[in-house]
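Thanks, everyone. I'll keep this short: one model, shown on the screen, and a walk through its side-chain contacts.

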Amino acid sequence: QVQLVESGGGLVQAGGSLRLSCTASGNTFDYNGMGWYRQIPGNERELVAAISSAGSSKYAESVKGRFTISRDNAKETVYLQMNSLKPWDTAVYYCSVGHYYNDDYYPTAGYWGQGTLVTVSS
């Protein structure tokens, strides 16, 4: 199994910044990608950003130019730098592992962190 632990969430005002971190442990060898998802209660979990072990990345249109995903393969850690935060970015953010190819990311079912709450006030 894979264990994922997110951190870095909190309360910020609109226009502020946060940096989320997620460290993976366990059987991560089979996965070349990591991603960040977010979820508002009552809505489906949506992809925010994903990155391959080689550094390829993709973003949701709503966060392009504001968020940056990066990773440290040696530390098995993925980061999400969130700038110019908006109230609609408020959500629980989850880390995932999966497969990244052809500019698409495929999370592995059942492998999620506990989530970290990001709240952006107006």
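Start with a charged pair. Lysine 64 makes a salt bridge with glutamate 61, and the closest N and O atoms are 2.6 Å apart. Keep in mind that this is a predicted model. Lysine 64 is partly exposed, at 45% relative accessibility. Glutamate 61 is exposed, at 63%.

How many salt bridges does the structure hold? Five.

Now go to aspartate 89. Aspartate 89 bridges to arginine 38, with the closest N and O atoms 2.9 Å apart. Aspartate 89 sits in the loop between S8 and S9, and arginine 38 sits in strand S4, so the pair ties together parts 51 residues apart in sequence. Buried or exposed? Aspartate 89 is buried, with a relative accessible area of 0%. Arginine 38 is buried too, at 5%.

Arginine 66 also forms a salt bridge with aspartate 89, with the closest N and O atoms 2.7 Å apart. Arginine 66 lies in the loop between strand S6 (57-59) and S7, so this pair links parts 23 residues apart in sequence. Arginine 66 and aspartate 89 are both buried. Through shared partners, salt bridges join Arg38, Glu46, Arg66 and Asp89 into one network.

In soluble globular proteins, nonpolar side chains tend to be buried together. Here the largest nonpolar core has 28 residues, and Trp36, Leu80 and Tyr93 have the most contacts inside it. Several strands each supply at least two residues of this core, among them S1 (2-7), S4 (33-39) and S9 (91-101). Take leucine 80. Its contacts include Leu20, Trp36, Val48, Phe67, Ile69 and Tyr93, leaving out residues up to four places away in sequence.

On to the rings. There are four aromatic pairs. Tyrosine 37 and tryptophan 112 form one that is edge-to-face, 5.0 Å centre to centre with 90° between the planes. Tyrosine 37 is in strand S4 and tryptophan 112 in strand S10 (residues 104-112), so the pair ties together parts 75 residues apart in sequence. Tyrosine 37 counts as buried, at 8% relative accessibility. Tryptophan 112 is partly exposed, at 30%. Another pair is tyrosine 101 and tyrosine 106: centres 4.9 Å apart, planes at 25°, so stacked. Tyr37, Tyr105 and Trp112 form one aromatic cluster.

Last, charges over rings. Arginine 19 lies over the face of tyrosine 79, 4.0 Å from the ring centre. Arginine 45 has its charged end over the ring of tyrosine 94, 3.7 Å from the centre.

That's the tour.

How values were computed. Residues are numbered from 1 along each chain as its sequence is written. This is a predicted model: local features need pLDDT of at least 70, side-chain atom pairs count only at pLDDT 80 or more; totals for chains, interfaces and linings use all residues. Side-chain values use heavy atoms; hydrogens and water are left out. A nonpolar core is a set of buried Ala, Val, Leu, Ile, Met, Phe, Trp, Tyr and Cys residues joined through side-chain atoms within 4.5 Å. Buried means under 20% relative accessible area, exposed over 50%, partly exposed in between (1.4 Å probe, protein chains only). Helices (H or I, at least four residues) and strands (E, at least two) are DSSP runs, numbered from the N terminus. Contact means heavy atoms within 4.5 Å. A salt bridge is a side-chain nitrogen of Lys or Arg within 4 Å of a carboxyl oxygen of Asp or Glu. Rings of Phe, Tyr and Trp (its six-membered ring) pair if their centres lie within 6.5 Å; planes under 30 degrees apart count as stacked, over 60 as edge-to-face and the rest as tilted. A charge sits over a ring if NZ of Lys or CZ of Arg is within 6 Å of the ring centre and within 35 degrees of the ring normal.
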